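Work through these exercises with the sequence and the model open side by side. Try each task before you read its solution.

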Amino acid sequence: LGACAAPATVEPAPAAAQATPVAATEEAVAEESVAEPAPAAAAQTDATAEPQAVAETPAAEDTAVAEVERPAWQQIELTNARSGETFTLAGFGDKTVFVEPFATWCSNCRKQLGNVQAARAQAGDDVVFVILSVEPNIAAEALADYADKAGFEAIFAAMPPAMLQELAAQYGQTVSNPPATPHFIIRRDGSTTELVTGIDDVDTLLAQIEAARG
């Protein structure tokens, strides 16, 4: 009987030895689960830093106005009939330029220019109005006298034949026909609108300017 009882007291010892690896394994798993959140926090920090760099880029791009290649006629020198100063249609910086070819003998032109004068008063300082006579050899004094007597405050100048020829190549011969009251707008980037004809009222002219202004 004593020999049979002895093994019973010896067998629990290995069982106790096996319990130790299980406990150690559970502790290791617990340590790993605690250590894992650290990389996630670092990743979260990186994620919050990236949108700041992306948000800064569009703000700088929105303020720039991309220039297009301006046609040669915008570089041709003109003379202000009132002041005698020279200028080009490309030389008004980032302003919008309203251009109206006309003739002093044209009654349709006078009516149209009355509407242009009213539109000019409402358009704002970022719009320039240039009225170009298509009459050959007209004197600056005659243009200035016409503008002063009619009360038109836009810039008046005689259109050189080279400019009229280039405009006709771009817009057709209608641009040189004053009774059709042709007019167009040069946008801030140097591009131009389509040629418009007919006597437009003030609201229509302002709408055309606003569309070109962008």
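**Exercise 1. The chain as a whole**

Among contacts in the chain between residues at least 6 apart in sequence, what percentage join residues at least 24 apart?

Solution. The model is predicted, so local features need pLDDT of at least 70 and side-chain atom pairs count only at pLDDT 80 or more, while totals for chains, interfaces and linings use all residues. Residues are numbered from 1 along each chain as its sequence is written, and side-chain values use heavy atoms, with hydrogens and water left out.

Next, define the term. Contact means heavy atoms within 4.5 Å. The figure is then 68%.

Now list the elements. Helices (H or I, at least four residues) and strands (E, at least two) are DSSP runs, numbered from the N terminus. The chain has 7 helices and 6 strands. From the N terminus, their order is α-α-α-β-β-β-α-β-α-β-α-β-α.

Last, look at burial. Buried means under 20% relative accessible area, exposed means over 50%, and partly exposed lies in between (1.4 Å probe, protein chains only). Of the 214 residues in the chain, 35% are buried.

**Exercise 2. Helix α4**

Solution. Start with the span. Helix α4 covers residues 107–123, which is 17 residues. The expected span of a helix is 1.5 Å times one less than its number of residues. From first C-alpha to last, α4 reaches 24 Å, close to the 24 Å expected.

Then find the buried residues. They are Cys109, Gln112, Leu113, Asn115, Val116, Gln117, Ala119 and Ala123. An α-helix has 3.6 residues a turn, so residues three or four places apart point the same way.

Now ask what covers them. The cover includes the strands β3 (96–102), β4 (127–133) and β5 (155–158). It also includes the helices α5 (140–150) and α7 (202–213). Thr204 is in α7 and is partly exposed, at 32% relative accessibility.

Finish at the helix end. Just after α4, Gly124 has a positive phi of about 105 degrees.

**Exercise 3. The cores**

Which residues have the most contacts inside the largest nonpolar core?

Solution. Define the core. A nonpolar core is a set of buried Ala, Val, Leu, Ile, Met, Phe, Trp, Tyr and Cys residues joined through side-chain atoms within 4.5 Å. The largest has 27 residues, and the answer is Phe98, Phe102, Leu113, Val116, Phe129, Ile131 and Phe156. The elements giving it two or more residues are β3, α4, β4, α5 and α7. A second, separate core has 23 residues, among them Leu132, Val134, Phe184 and Leu195.

Zoom in on Ile131. Leaving out residues up to four places away in sequence, Ile131 touches Glu100, Phe102, Leu113, Val116, Ala154, Ile155, Phe156 and Ala157.

**Exercise 4. Positive phi in loops**

Take Asn137 and Thr181, and decide for each: buried or exposed?

Solution. Asn137 lies in the loop between β4 and α5. Its phi is near 65 degrees, positive in a residue other than glycine. Asn137 is exposed, at 81% relative accessibility.

Thr181 lies in the loop between α6 (161–171) and β6 (184–186). Its phi is about 45 degrees, also positive, and Thr181 is not a glycine. Thr181 is buried, with a relative accessible area of 0%.

**Exercise 5. The largest pocket**

Which residues line the largest pocket?

Solution. Define the pocket. On a 1 Å grid over the protein atoms alone, a pocket is an open set of points where a 1.4 Å probe fits, with protein on both sides within 12 Å along at least five of seven lines; lining residues have an atom within 4 Å of a point. The lining is Lys95, Arg120, Gly124, Asp125, Val127, Val128, Phe129, Glu153, Ala154 and Ile155. The largest share, 3 residues, comes from β4.
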